[in-house]
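This report describes one protein model for a reader new to structures. Please look at the sequence and the 3D view below before reading on.

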Amino acid sequence: MTVAAYPGWPIRLEDLAGGITVVFPTYGMEWETSGDLRTAFADVPMADFAFDLLGTRPAPRGAGEDAVRFIILGQDAQDAWQQYMAMRGNIARIGRGKLWVRDAAGNRYWCYVRPLSLATTTFGVENLRHFPVALSFKRLSDWYAETQSVASFSGNGTHTVSSAGNVPVHDLVVEIESLGDDGYSSPAIMNLATGESFTVDRVGSTDQHRLRVLAAQWRAQESHDGGATWTDVTASVSVGTTQAVLMRLVPGNNPLQVSGCPNAVVTIRWHDAFA
């Protein structure tokens, strides 16, 4: 059976370190995926319908649910049984992990999940060496592109970074590398597409000085040895007064206004995100 003819297809589950993997059989494969929107309404006395507490803004997304169903097929009854028990053991050991899927063009995506159960099955008299199995997961993130995107630019000014996803990227890493004297001083970056900005009150004056901002973790680190070791400097970070996040990349073009980096290279790393 070829999987490329189908719009979307689960491939495997793995732990975060990539050491434990459950590869899904494709025989009789079914994939059911859903995601909630966290809406908020209030009933108004003597009024029709309800008051939308979110106004016109998009609703935040809740945790999703994914179910994967397939048939285990063995060379004989014992082989099928051993495949099943090995799968249960691996799922029990994975904890929080990554669920991987592919599309018809062969592109691969992953998301963070938590298994909700071990492999569920029903044995019947007709199941000599094959039987159906169902897996269920709680999805805890967007879907992310397999390949990491990287954008790098030098010095101050406005530089455009593009995201090919369909939802904003929250999990991005910004690294500022001093190139020598007057590398950076209180570097600041503003995304003109969102109005979000941050400043790090640190100085880089040698080619060994580095700053790293981890947006999803709301954390900043500094290195004085070319990135070999890092020290937390989150207390030096300031952001816009109305920001709920440190910085995001929205789908499409993101003009980034950089200041405080006259002799430095700014590198941004992220995975394009999909709802």
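## Nonpolar cores

In this predicted model, the largest nonpolar core has 34 residues, and Val174, Phe198, Val266 and Ile268 touch the most other members. A nonpolar core is a set of buried Ala, Val, Leu, Ile, Met, Phe, Trp, Tyr and Cys residues joined through side-chain atoms within 4.5 Å. Buried means under 20% relative accessible area, exposed over 50%, and partly exposed in between, with a 1.4 Å probe and protein chains only. At least two residues of this core come from each of β8 (108–115), β12 (149–154), β14 (172–178), β17 (197–200), β19 (210–214), β23 (252–259) and β24 (264–270). β24 gives the largest share, four residues.

Ile268 is in contact (heavy atoms within 4.5 Å) with Ser149, Val150, Ala151, Phe153, Val161, Leu172, Val173, Val174 and Leu256, leaving aside neighbours within four places in sequence. A second, separate core has 27 residues, including Val22, Val68, Val101 and Phe274.

## Overall form

The protein has one helix and 25 strands. Both are DSSP runs numbered from the N terminus: helices are H or I with at least four residues, strands are E with at least two. The radius of gyration is 24 Å, well over the 19 Å that the globule rule gives for 275 residues, so the protein is more spread out than a compact globule. This radius is taken over C-alpha atoms, and the rule is 2.2 Å times the number of residues to the power 0.38. Along its principal axes, the C-alpha trace spans about 75 × 65 × 35 Å.

Of the 275 residues, 40% count as buried. Among contacts with a separation of 6 or more, 71% are between residues 24 or more positions apart.

## Pro7

Pro7 lies in the segment before β1 (8–15). Is Pro7 buried or exposed? Pro7 is exposed, because its relative accessible area is 71%. Not counting residues up to four places away in sequence, Pro7 touches Arg102, Asp103 and Ala104. Pro25 is 18 residues from Pro7 along the chain, and their C-alpha atoms are separated by 17 Å.

## Basis of the values

Residues are numbered from 1 along each chain as its sequence is written, and side-chain values use heavy atoms, with hydrogens and water left out. As the model is predicted, local features need pLDDT of at least 70 and side-chain atom pairs count only at pLDDT 80 or more, while totals for chains, interfaces and linings use all residues.
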